[in-house]
Amino acid sequence: NHQNRLPGHWKTLPESTRTISFRPEGKDPEDHPAIRLAYNLPGSPTAKSGDLTYGVTHPLSALNATEYDHLVFWVKADNPDNHPGELEIRFQRPDPRLPGKQEVARFKVSGITAEWERMVIPLNQMIGIDQWDQLDALVIALPVQSLHTAKGSYTLGSIELIRTGQPGPSRNDPLVPEHRVAWAASLGGEAAVKTQLRARLAGWPTRFLVDRSSLPKDDREFLSRLAADTWRGVEAMVDLRHGLPIDRIQFGKDSLAPEQAAIGDYTNITNVGVYLLGIVSAHELGLVNRAVALEKLTKTLDTMAGLETHQGFFYNYYNTTTLERGNHFVSFVDSAWFTASLMVVRQAFPEMAQRCTRLIAPGHFREFYDPETRLMSHGYHANLGQRSNMHYGVIFTESRLGSLIAIGQGDVPAEHWFSMARTFPPEWNWQSQQPKLRTEQTAQGHHWMGGYYQWRDYLYVPSWGGSLFEALMPVLVLDELQYAPKGLGYNDRIHTAIHRQYALEDLSYPVWGMSPSSTPGTAADYGEYGVKFLGAGGYRSGVVTPHVSALALMTEPAEATANLRTLAERYPLYGDFGLYDAVNPGTGEVAYSYLILDQAMTLIALTNHLKDHAIQRYFAADPWIKRILPLLAVERLEPG
């Protein structure tokens, strides 16, 4: 074994000065010097720790650990009541994307007893760092919520990095769809596959671009035309055999020829969910009758019932041709959106209720909940047998819908809602701006840390990236403007207004609405775009995507309608299946692709606008959601 023993230059974390002490004490079983880490926490061990981390840190001075694959050490607990203890081991390195922010890899060591035990931790299972160079600290932290006593100690020794040559599984391990690979080989390769994939789809566009002069001049007729064309595309991008939507079609330049297109015969469960909502939308708009809608819903749900799952949840990706799962990851936010879609379907079509409930019932969102941070994890790595240590920590992102569903389900306490960040501490200097008035707020027995960002006269709570998608996607099903007009609804309106003003006035764009989307001028790249100062981290500007204009129909209907019309009339953007995915207003380049997620969101938003909040009303009627709607009104974000 190649190894690197870490010397004893430990120091307490700044917030731990009065609660943590450590000193050399005896020898470990390998006869090396050991250290004793003692803690005496203020108050109850289950008290909220806020933004604090208790523990000790060891500087690593840009250590390159790429040649190692395990961290090993000896440890024992000295707690007087002999409860099995826990420690969290963390490595940190600078985040190359956000100066001043740290990437953190974590591993929780559980079941520590009064007897010496050698812990062997695969670095592959310390999720949060992909490149194991430039490490600047090793941290031993106390998971406050897991401590059984407010006072105790641990003894540790022989802390070292080693190379065994057997790193074990990692979160990045690919999952090869063997049947899909064999199918492609039997046809002679991917070139021949395209023709077969085209034949499996329910439809294909017949016009690359529509005649812009043919678009209706009346606004409502224009939006109805856009809805009908968009539905034809959503309906067409479905595998005929299995009823699952494919992820995307990327067309060649000025060509609809299948051999020049990239057809993504894979999907994730959010795609499936919004496709189901698209069927409900088409029925509400009178584009399909009830019998056809039921037939489509039944086919898709029958396929879903036969897919491989983990702990009652679907994996994040599946191949639509062979139905093989595409990765090892079970995603919280995608599981939540699929669940939300089933909740709408069972309200809109009671005859489907039992079938929907059978798909919902096995999954319990407590599997994603981290009681120490009181946040929802990004998901679960099935091949590692562990939850991701990354969390959805910002309230104003698309994941907030899943948090409400989890609370409504009864699996997660309401305090989770108030544990998500509205703003981050001012000393976190990687933020796009410093928060103002970040103080503790209290209402109806709930406590949270408030604060806001400011741009000109606008006051708001930030999202993560500053995209309009993060701000408004939950409004597809949850009418935040009705149930939280002074809270989330206010923030929805402000984010929309800033997006519009910043793009039109500051960037001098003729259109607005930036969000993750296809990138014009590239083969198939998907990029993250937004208004940087609207996000805690913040995405770059540069690309406008029509689907967020459709989302904005729920916050600024007149302005959003005008923007959709400008997009359709100014750029070569309107194809046979509605508006293509994105345009660069600076160059006029268009991303000639249809993504099922973006197209279905457009259709659902148009339905809410044209049919009196139909999808939102179905969602609000679900018993889980009825239960938690009052929670939305607790917090006031609107000034005054």
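Helices here are DSSP runs of H or I with at least four residues, strands are runs of E with at least two, and both are numbered from the N terminus. The structure is a predicted model, in which local features need pLDDT of at least 70 and side-chain atom pairs count only at pLDDT 80 or more, while totals for chains, interfaces and linings use all residues. Residues are numbered from 1 along each chain as its sequence is written, and side-chain values use heavy atoms, with hydrogens and water left out.

**Confidence**

- The average pLDDT (the predictor's confidence in each residue, from 0 to 100) is 93 for the protein, and 95% of the residues score at least 70.
- Residues 44-51 have a pLDDT below 50, and this stretch has 20 contacts (heavy atoms within 4.5 Å) in the model beyond near neighbours in sequence.

- Ser 467 is buried (under 20% relative accessible area, where exposed is over 50% and partly exposed is in between, using a 1.4 Å probe and protein chains only), with a relative accessible area of 0%.
- The side chain of Ser 467 makes a polar contact with the side chain of Glu 470 at 2.8 Å. A polar contact is a pair of N or O atoms within 3.5 Å; within protein, one must be able to donate a hydrogen and the other to accept it, and residues adjacent in sequence count only if both atoms are side-chain atoms.
- Setting aside neighbours within four places in sequence, Ser 467 is in contact with His 499, Met 514, Ser 515, Pro 516, Tyr 529, Gly 530 and Tyr 539.
- Val 531 sits in the loop between β29 (526-527) and α13, and is buried at a relative accessible area of 0%.
- Residues touching Val 531, not counting those up to four places away in sequence, are Gly 465, Gly 466, His 499, Tyr 502, Met 514 and Tyr 539.
- From Val 531 to Val 475 there are 56 residues in sequence and 19 Å in space, C-alpha to C-alpha.

- His 547 belongs to helix α13 (residues 546-551) and is buried, with a relative accessible area of 3%.
- The His 547 side chain makes a polar contact with the side chain of Thr 545 (2.8 Å).
- Leaving out neighbours within four places in sequence, the contacts of His 547 are Phe 469, Ser 515, Pro 516, Asp 598, Met 601 and Thr 602.
- Glu 86 is part of strand β7 (residues 85-94) and counts as buried at 19% relative accessibility.
- A polar contact of 3.2 Å joins the side chains of Glu 86 and Ser 110.

**Positive phi outside glycine**

- Ser 61, in strand β5 (residues 55-63), has a phi near 55°, a positive value in a residue other than glycine.
- Ser 61 is exposed, with a relative accessible area of 67%.
- Asp 612 also is not a glycine, yet has a positive phi of about 55°; its place is the loop between α15 (596-610) and α16 (614-620).
- At 52% relative accessibility, Asp 612 counts as exposed.

- On a 1 Å grid over the protein atoms alone, a cavity is a set of points where a 1.4 Å probe fits but cannot get out; a pocket is an open set with protein on both sides within 12 Å along at least five of seven lines; and lining residues have an atom within 4 Å of a point.
- Grid points are joined across faces, edges and corners, and a volume is the space filled by probe spheres set on the points.
- Five cavities of 30 Å³ or more turn up in a search of the whole structure, and the largest cavity holds about 90 Å³.
- The largest cavity is lined by 14 residues, with Gly 312, Phe 313, Phe 338, Thr 339 and Leu 359 closest to its centre.
- Helix α6 gives the largest share of that lining, four residues.
- The second largest pocket holds about 320 Å³, and Gln 441, Gly 451, Tyr 452, Arg 636 and Leu 637 lie nearest its centre among 19 lining residues.
- Elements giving two or more residues to the lining of the second largest pocket are β27 (458-460) and α12 (488-506).
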